[in-house]
Each structure stands twice: as structure tokens, then as C-alpha cells.
Amino acid sequence: MSFIPGQPVTAVVQRVEIQKLCQGDHLILGFSIGGGMDQDPVQNPYSEDKTDKGIYVTRVTPKGPAEKAGLMMGDKIMQVNGWDMTMVTHDQARKRLTKKKEDVVRLLVTRKSLEEAVKHSMCGYPKQ
Amino acid sequence: MDSESTHSGYSYSSRSGRSNRHGRERHKVNNSKDSSRSERSVVINPPDTPSHNSHNSHNSQDSPVHNGEPLPGEPGPPDPDQGDETQDDNWGETTTAVTGTSELSLSQEEVVGLGKSPEDRVRACRRYFPLALGLALGLLVVATPLAFLLLPVALWADRLQACGAACEGLFLSLSFKLLILLVAVWALFLRPSRAGLPRLCAYRGFLATLTLLLTMSYWLFYGVRILDPQDEDYHGIAQFAVSLVDSLLFVHYLAVVLLELRQLQPCFSVCVMRSTDGETRHYNLGRLSIQRAALSLLEFYYRDFPLHNPALLSASKQRTAKQLAGLKVYNVDAGPGSTAGAQPANSSQSRAMVTAAAAKRKDSAHNELYYEEADHDRRVRKRRARLVVAVEEAFTHVRRMKAEDERATPADIMEVREAALAIFPSMARSLQKYLRTTRRQHCHSMDSIQKHLAFCLVNNMSPKAFLEAYLAPGPTLQYGPERWMADQWTLVSEASVTGGVQDGSEFLLRCLDFSLAVTVRSIPYLRMTEEFVDPKSHKFTLLLQSETSV
């Protein structure tokens, strides 16, 4: 998940669609995020590259909408509803996720196991 | 080692140590003992009177109280470890504190010896020659300006022009400058010299020569320009005299700078190591000649190094002696004619065999050393614990007299010496045993212990403060003049001793029992750079790691 500054970022992503749950007068998604451009990337336990200032999923509430949709702890969120999340501050990320007018968020998330799965599947096939 | 004595008297053995030292003086007291014998003890009973027994709160067999006065000329009842030590009947004379506090002071022996042998006469001449020369030069220096002023008045007073206020001003300034010069010379040069160095100090010689040259040239000019033509201008003569005193004051300034100020800035780091037990200290010195550096280092030695104790060194010698003692190599095959040629090969062969055999023995030697040291440490700690308890208990029996005690019986009110004598016996035995275990019993005489105890009582010291003097060996100076050996130092150096100390110089200061090896390193030239920090440049950002749940 490391990136080269100036080059386009490539990653294997998974599309996760979460329905917001109505709790009182809030709409919640059921997970917590950490990271951001204004945060200290060194303290991120989930990132491979400790200079990565992206948004990571730090906690997933059990039996919440995020867990049902397949989000896992340690995922890096690359896009939310088409908006980029790799170069945003923490507060901007929070705002994009908690827009009151939307009740569905479509995330593009990446994790290490996805890369490895793709690699394994590619090795299985001979070159054609 | 202590249990065999039937009396628990205090051992008073500094006498034997002293007699060892004087055995090697040039006045040849006839003692053929070596320094290892200084640990033998001679027992003398303390001068305790029966009236103080009631104040002792312990068994009578513990207290070293005996009837009768101590006999200073004889030892007490025979001590088994004393052996065949001969008595030094002159110890009454040799106990006076006459040895070298200042090398220039005359001791009793030297006054007697001055007229005796030619060697002594030469030595005395050498010692007093610089002083005599200095005094002569000083007199010359003081008398010259006055002579300059007085000679015209004496010789041709009628033709002299009277000069008014200007001359009087010159006379005033001359007299005050002369006074200042006298005080300055007294302050700088007329101090008792603290040592006798092997060679003349180069700077002093230079300054004396300079002063002499200056004065002689002034006399020359005076004689040629003023005495011969009998100059009548008194104002000019007075100015001439004042200029001489000015020049002398500047020479004195030069003396202050050369003799006192130049060596203050440290530029050498010196390592001093004692040869017998490896005690090492490091000092910083300035630019000095080797002999003056040696003098400074000796003064530091007397202040910093713990007392040299030959009793502690015999252990390692015994160990090595034991290793090689049982091994002797005999060459059975050497014929009568071949001994001369076979000698070198023999000795190297025998040495090789001896070292091989000794190597086999080493396995037991280090084991022995380990257990012996552990045992010794345990014994010292045990004795120390007993000593601390005994001293604390002794100190509880005495306290300062308070106002309400004035009504107590007069027999209980004592002077400090009596109080010290009263509580001393209860701690004397454990103190003696402790000192024997740490092999320092010859450093402390009973008298000195009692004096120290009185001092501690007067100054309200705690028992721990009293004990500190005995738990660790202190610097040499606190042990009395018989330990100082101040006139027995030899400076051994490959470079000239009046030359300056350089980086890499090494020299040796040898005493009779040990030597101090001195190595000199120069302090590096430090290059410091500067970095300016704008106070406004201290800015900080917060690095957070917040977690938001969405």
C-alpha cells in the first residue's frame, strides 16, 4: 500500500456498500476511522508504510452495518461515494462519511489480503 | 590474631613505624628493619586512673585498664607477634615534630649537622645561596635610587640648582613608588619557600639577571653622565632616579606574570600513578618546568592520595613467592668445563621449565585468592559492625552539660579530655581489632585517637562522624610528620628538569618505598562553533491520532 509521490496510486480495492442505520436522530455506519493528513502517521497500527496518511478503519462495531457489509478492521478507505480519501484531513473524512442527506455510502477499501489474493490467483494461471 | 593476648590493651605501634623511617635517615640510627615490619605492634597501656572505672559500663576484662603508669620507654607485657624487634631508645627525641613542613626551615638535626660533614656544608650553602643572593640584590635595588639622590648632595651640594615644587613632587613619587616596590617584593619573593628543588628556576634566574643588568646600566649612565661632569641639574637627577624605580616596578610586573600568572591556565592533563598499589589521579596543570610540575603534583599527592600502606602489599608478594618457591631447576649434566658456555641456555631453559610448572599451579592460586578475599571482606564487615555498635554505645554515655546538670555531683562534670578518656576504653578494643584487620593500626596512635575523640565531642559530632577517620585511609598529610617523608623525594627524568613539560613527557618521583609515575598529555585545542537560534523559531505542531466513530 505504499505510494510513490507524484505517481498515480494503484491498489486492489474492494467495493463495500454500507447502509446507514438510524439510531435516534443520527445515522451511523458502525465503524471508527483514524488517520488523516493532519494526524501522526507513525502511530497507525494498521498501515504498512508508516508515512501513509490515509484513512484507516480502526474499529468495527460488531453486528453493525459496516460489519454486515464486509468492512474489516485495518482497511484503508480509498474513496467514499466517489470522493477521494487518500489526501484528506481527519475532519474532512468524517464529514464525507456522515452526510445527513445520504443514507448509503459506497466505499472503496483496500487491504493487504486483497493484494495477496490477486497475486495468488494470477500465479495459478499460466501466461496466455 | 588478637585472641592470644591476655590483656586487651591498645597497640601503640607508631613508634616502630617511626623508627623505620629514621633508620634510613642520613644520620644513621642503627636499625636494620625493612618496611614490612611496621605492622608489628607494641602494646602500651592507656593512662587510665581507677576513678574513671565507674563510668565504664562494661566488663572489666574488656577495658584496657591496668594499674600503674604506662612506661613509654619499654613495651608492655610481651606480645607474641612482636618477635625480636629491638627497641629504639631514642624515640623520645624522634617524636618531636621536626620533619619537613618547609624545606627551608632548620630542623634540630640539621643545626647539629651544619658544622659536621663537608657534604652537609655544601648542601647548606646550596640552600642559602639563592636567599643570600636575593637579599643582596634587593638591598642594591632599594639603595640605588636613594644613592642617586644623595650622592650629588653629599659631593657637590654648593653647585646644585635648587628646584622647587617639581622636585618635591618627584621626591614624593619616588618615595611612594619605592614603598610600593618594597611591599610588592615582600609579597612575591619574601615568602618562605615551600620546597627545595634540584635546579634553579629559570625564570627567577632570568629576572635576577635582568634586574642586575638594569641596575648596572643605570649606575653606568649615572657615573658617566652625572658623577663625572658633576651635573648641577638636580631636577634631572631626581627624574633619573624616578625612572629607575619605574623600570624596577615594571620588572616586578614581569616577575608576577612569569612566575605566577603564566602557569595558571591549564593546558596539560597529567596522570599520576603510584607504583605499589596503582592509585591513579588526574590533574590539570599549566605551562611549568618539570621540577615545578613535580612540586605541584607532590602537593596534590599529599592532599589526594590515601596513605601508603605497605602492610597491604605483602599479600600479592607472598602469592607469587609461593608459586615460584618450590621450583628449583638443577642441571645434572653440566660438566665443569662447559658451565660457562652453558649458562645462558641453562637460565632460559630453567626459566621456561619454571613457568611451565607454575602454570600448572595457577589453578589453585586464583581459587585461593578468591576465597581469601571473600573471607577477608566478611571479617572486615563483621568487625566494622561491632565497632559501629560499640562507638554508638559509647557516645550515648556522654553529652554536653545542660543548665539543669549544674546541680549534679561535681565528680560527673568533666572537661573534654577527661570525657574522652572516660568513654574511650569501651570502644578501644573493637577499634583496635578493626584497625588490625584492615592493617592500619600503625597509622593511629592511642594519643591521636583520644585527641580526635575530644575534638569530636567538642564539636558535637555524631558517632559516625567520629568513625569516618578510621574507616577509610585518609590523605597522607593528616597522619603526622613521621609519615610525610617530605625530604626523600627524587625526581627521575630523561629530559632536563628545568625544561618545560611537553605532551608525552614522562617522569618519575621516587620515594623510598614507592614511586609515582607521571605521564603528561596536552589538553586538545578545542574549536567551538556558534549556532544562532532565533527565539521566535521555536514553533511546535501537535501530532494527534484521533479516532472518530461514524
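User: Before anything else, what do buried, exposed and partly exposed mean here?

Analyst: A residue is buried when its relative accessible area is under 20% and exposed when that area is over 50%, and partly exposed is the range in between. Please keep in mind as we go that this is a predicted model.

User: OK, so where does B:Arg378 fall, buried, exposed or in between?

Analyst: B:Arg378 is partly exposed, because its relative accessible area is 49%, and the limit for exposed is over 50%.

User: And what does its side chain meet?

Analyst: The side chain of B:Arg378 forms a salt bridge with that of B:Asp375, with 2.7 Å from N to O. The two residues sit three apart in helix 10 of chain B (residues 339–396), which is about one turn of the helix. B:Asp375 is partly exposed too, since its relative accessible area is 33%.

User: Why would two such side chains pair at all?

Analyst: Side chains of opposite charge can pair when their charged atoms come close.

User: What about B:Asp277 and B:Arg274, is each one buried or partly exposed?

Analyst: Their side chains meet in a salt bridge of 2.9 Å, N to O, but the two partners fall into separate classes of accessibility. B:Asp277 is partly exposed, at 39% relative accessibility, whereas B:Arg274 counts as buried because its value is 1%.

User: Which residues are linked in a network of salt bridges?

Analyst: In chain A, such a network links A:Glu48, A:Lys112 and A:Glu116.

User: Changing topic: which residues make the nonpolar surface patch?

Analyst: The patch, of about 840 Å², is made by B:Leu131, B:Leu135, B:Leu172, B:Phe176, B:Leu179, B:Val183, B:Trp186 and B:Leu190. Helix 4 (118–156) and helix 5 (165–189) of chain B are the elements that give two or more residues to it, and helix 5 supplies the largest share, with five residues.

User: Where does B:Leu179 sit?

Analyst: B:Leu179 is in helix 5 of chain B, and it counts as partly exposed because its relative accessibility is 47%.

User: And the strands in chain B, in what order do they come in the open sheet?

Analyst: The order of the five strands is 2-1-5-4-3, and their pairing is antiparallel. Strand 2 (280–285) and strand 3 (490–493) are the edge strands, each pairing on one side only. On average, and with direction ignored, neighbouring strands of this sheet are turned by 25° against each other.

User: How many bridges join strand 4 to strand 5?

Analyst: Five bridges connect strand 4 (residues 506–510) and strand 5 (residues 515–522) of chain B, which run antiparallel. In strand 5, the residue that B:Leu509 stands opposite is B:Leu516.

User: Last one: which strands does helix 8 lie across?

Analyst: Helix 8 of chain B (residues 290–304) lies across strand 1 (268–274), strand 2, strand 3, strand 4 and strand 5 of chain B, and it runs at about 130° to strand 2.

Definitions and conventions: Residues are numbered from 1 along each chain as its sequence is written. Chains are lettered from A and ligands numbered from 1 in the order in which they are written. This is a predicted model: local features need pLDDT of at least 70, side-chain atom pairs count only at pLDDT 80 or more; totals for chains, interfaces and linings use all residues. Side-chain values use heavy atoms; hydrogens and water are left out. Two strands pair if DSSP finds at least two bridges between them. Helices (H or I, at least four residues) and strands (E, at least two) are DSSP runs, numbered from the N terminus. Axes are lines fitted to C-alpha atoms, for helices over the stretch in contact, and angles run from 0 to 180 degrees between N-to-C directions. Contact means heavy atoms within 4.5 Å. Patches are made of residues with over 30% relative accessible area and no salt bridge: like charges are joined within 9 Å, nonpolar side chains (Val, Leu, Ile, Met, Phe, Trp, Tyr) within 5 Å. Accessible areas come from the Shrake-Rupley method with a 1.4 Å probe; for residues, only the protein chains shown count as cover. A salt bridge is a side-chain nitrogen of Lys or Arg within 4 Å of a carboxyl oxygen of Asp or Glu. Buried means under 20% relative accessible area, exposed over 50%, partly exposed in between (1.4 Å probe, protein chains only).
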